[in-house]
Protein chains: 2
Amino acid sequence: MRTARMENGTVTMTLGEVDRLARRVLTQHGLSGDHVDAVARTIVAGERDGSASHGVYRLLVAVNTLRTGKVDPAIEPIITRPAPALVKADAGGAFAQLAIERALPVLVDSARTNGIAALAVNRCIHFAALWPEVEMVVAEGLVALATTPSHAWVAPAGGHRPLLGTNPIAFGWPRPGGSPFVFDFATSAAARGEIELHRRAGKPIPAGWGLDADGQPTTDAQAALDGAMLTWGGHKGSALSIMVELIAGPLIGDLTSAESMAWDAGAGASPYGGELIVAIDPAGFLGPAAAEHLARAETLFGAMAAQGARLPGARRHANRAVSMEEGVRIPSALHRDILALLDTGG
Amino acid sequence: MRTARMENGTVTMTLGEVDRLARRVLTQHGLSGDHVDAVARTIVAGERDGSASHGVYRLLVAVNTLRTGKVDPAIEPIITRPAPALVKADAGGAFAQLAIERALPVLVDSARTNGIAALAVNRCIHFAALWPEVEMVVAEGLVALATTPSHAWVAPAGGHRPLLGTNPIAFGWPRPGGSPFVFDFATSAAARGEIELHRRAGKPIPAGWGLDADGQPTTDAQAALDGAMLTWGGHKGSALSIMVELIAGPLIGDLTSAESMAWDAGAGASPYGGELIVAIDPAGFLGPAAAEHLARAETLFGAMAAQGARLPGARRHANRAVSMEEGVRIPSALHRDILALLDTGG
C-alpha cells in the first residue's frame, strides 16, 4: 500500500488511499459483503471532513468491536413499514451503516407521501457520527433529525455516576445551491472520542468534561474514562440526553445506554442499540411555496454571517473541499497503529 | 372580587380565584369567545405549577398585546390536513391557545394512524409556555415535541446582535400511573420573562445572560433587554436555537424571530408566528409490546432518582399538588398591577 508523503509526524493520504486502507483493514478483520462499502464510506467521510475522532481513528474502534465478536459481520438488514409514516430497519446485530443506507430511500419516500416520517434502525452496533445519514436525507431536499443513545458513560445533571450515553443530536436543513446546514453534537460536554484522543496524546482534558470514579471533578483523561463524563449545558443538556435515551431507546423498542453497557459486559465493543431518524418534507406544509420559504431561511443564514457568527457545518464543508484537493493528514502514530491491524487480522 | 389572604407582601388566591381574575381581565380587554377559556387556562396552569414568569404575570403581557391591536381577539382557528401525517391550524392572528386546543385532537388522531404526525400552528400570537400542549398530547399516551420562535432578542454564538428568539424546546413522555416526564426550556441562557422579573425587582442578572446595546457583557437587566440576550450552552445551544427558527418558521411557512420583530415594528406585542408540535405513538413502532418498553423507561427514571438527579418537570408537578391544596401566592405589587387592569380596560 502506497502512503503518499510523510512529514512532521503526519502522513498525507488521498481520499482514495484512505478508502482502500479502510476496506483492507475491515475485510481482513472479517467484515463482509456490502457492509465493507458502507462502513468504509463513513470513515472516509469523517476523515475527509476533518473530524479527528470520526475518521480513520474509528478503524481501531471498528476492529476492536469485530474482535469482541459482539458484531455480526455479514447479516443483511431487514426493512419493514410498521405504520404508514414509520420505517423499521432491523440491522440484526451488524454495524448500523448498511441498514441506514438501505432504509433511507424508504424513509424519504414515506416523508414525501405523508409529510413527515420516522425511521427506527434497530439492533445495530454504532460507532459513527450521525451527519452522514442526515446529509443523505437533506440531499433529497428534506429536513432531517437523527439521534442515538450509546453506552452509559455520562452522569445526569445532579448525579455523579454514568447512566446516559454521549447521545448525539444531528439536524440538517437543505440549502438550494449551497452546502446544507448540518449540525451533529454530543449532549455530553465532549465526545468520548475526544477524551480518548486526549488520553492517546497524554494531554489533560478541560475542566467540566468528567468526574473520576469517586464522582470528583477531574482533568485526567483516563480517570474520566474510568469515571463519568458530564453532560453539556447543565440540566438542559441533561434533559436532552434523557430525551435521546427515550426516543431512540424504548420508543423504538431498543436499548438504553445503560442496557447497551450491560449487554457489552466489559467486552469493550461499540454501543449496541437503535437510532431514530425523522424526515420532514418542506413541500408537505408549503406545497409549491416551499422555495419561497427556503429563501427566507437563507436570509437568516445571511444575517448570522453578517455579524460574524459561524454556521454549523461550515467548517466541515471547508475541510471537505481541502481534503478532496490535497488529501488528508493523519498522525504518524495513528497511521502505524492502523497498519499494524493489517498484520494481526484474518 | 374576593382576594383571600394578604401577608408578607403576597396575596394568596385559590386556583378558582386566579381563573376568575384572569377571565375578567381578558374579557374586559376585548378577548372573546372560546379564546377567553383557552388563554385563562394557560395562565392558571403556569401559576399553579409555580412558574413565576408564565403565571398571572402573563396577564400584563396579554393585555399589553391586546392594547397594541396586534392580536385578533375573536377570530376562530381553521384546521386543515395538508398531507396524511400533517395538520395545520391557522390561528388567523389570534392568540395561539385556542388553535392549539382545537387542533391537538386531530394531531393525536393522525399520529395514531400514521405512527408519527406534525402540527403547524400558524399566524398566532405566542406568549405562553409550551408544556401545556405537550402535556395534553402526553395525556393521550403519545410522545410530544413542541417548539416556537419568538422575537429577535438573542445573539447567535459568535455574534453580538439580536437575531434569534428565546426559542423554547419542550418534550414530553408518558409515564403510566405517574406524572409525565416533561421539560420545556428556552435555548437562551434565560427566559425573557426571567429577565423582566429581575428588572421589576431591581435585581442584577447573572453574568452570561446578556449583552448591552454595544455588544458588551452586562448584568443590568434593562441593558440586556435593550441589547441582546445570549444563547444557553454556547455554540450547541445556538445551533438548536437556529433549528427552532427553521422548523417552526420557514418549514411551516411562518415567521422567523427577526421577521416577527419586524412585524411588531416597536409596538411591544408578544411574538407573532408559528409553532411546530410533533407527536409519536409508541404503539406505532412497538405494537402490543409498548407497555413493556415504557416500563424500561421507568427503570431509567429510577436509576436517575437513585443517584439524586432530579427528573425534569418533577418540581412543577410538586408545585401543582401544593397549589391545588393551598392556592398560590402572588406578589402584592403584581396583584395590584393586575387589579389596575380592571379599571383601565373596556
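A salt bridge here is a side-chain nitrogen of Lys or Arg within 4 Å of a carboxyl oxygen of Asp or Glu. With that in hand, here are some close-up views of this predicted model.

**View 1. Four salt bridges link domain 1 of chain A and domain 2 of chain A.** The rule finds four of them across this interface. One to look for joins A:Glu135 and A:Arg316, whose closest N and O atoms are 4.0 Å apart.

View 2. The domain assignment gives 5–68 + 313–344 for domain 1 of chain A and 84–188 + 231–287 for domain 2 of chain A. Their C-alpha centres lie 23 Å apart, and the contact takes 24 residues from domain 1 and 19 residues from domain 2. About 1,800 Å² is buried between these domains of chain A, with carbon and sulfur atoms giving 62%. On the domain 1 side, helix H2 (34–48), helix H3 (57–68) and helix H12 (314–326) of chain A each supply at least two residues. H2(A) gives the largest share, ten residues. By type, the domain 1 side divides into eight nonpolar, nine polar and seven charged residues.

**View 3. Chain B meets chain A through 74 residues on each side.** Together the two chains bury about 5,800 Å², and 75% of that is on carbon and sulfur atoms. Within chain B, keep an eye on B:Lys236, B:Phe285 and B:Gln307, which lose the most area to chain A, together 15% of what that side buries.

View 4. In one salt bridge, the side chains of A:Glu259 and B:Arg296 come together at 2.4 Å, N to O. Helix H8 (residues 234–247) of chain B brings ten residues, the largest share of the chain B side. That side of chain B divides into 50 nonpolar, 17 polar and seven charged residues.

**View 5. A rotation of 180 degrees superposes chain B on chain A.** The shift along the axis is 0.0 Å, and the RMSD is 0.0 Å. The two copies are therefore related as by a two-fold rotation axis. In chain B, the C-alpha nearest this axis belongs to B:Gly233, 2.4 Å from it. The same surface serves both copies, as 100% of the contact residues of chain B recur in chain A.

Note on methods: Residues are numbered from 1 along each chain as its sequence is written. Chains are lettered from A and ligands numbered from 1 in the order in which they are written. This is a predicted model: local features need pLDDT of at least 70, side-chain atom pairs count only at pLDDT 80 or more; totals for chains, interfaces and linings use all residues. Side-chain values use heavy atoms; hydrogens and water are left out. Contact means heavy atoms within 4.5 Å. Buried area is the accessible area (1.4 Å probe) that two parts lose on being put together, summed over both. Helices (H or I, at least four residues) and strands (E, at least two) are DSSP runs, numbered from the N terminus. Ala, Val, Leu, Ile, Met, Phe, Trp, Tyr, Cys and Pro count as nonpolar, Asp, Glu, Lys and Arg as charged, and the others, Gly among them, as polar. Copies are superposed by least squares on the C-alpha atoms of residues with pLDDT of at least 70 in both. Domain bounds come from an automatic or database domain assignment.
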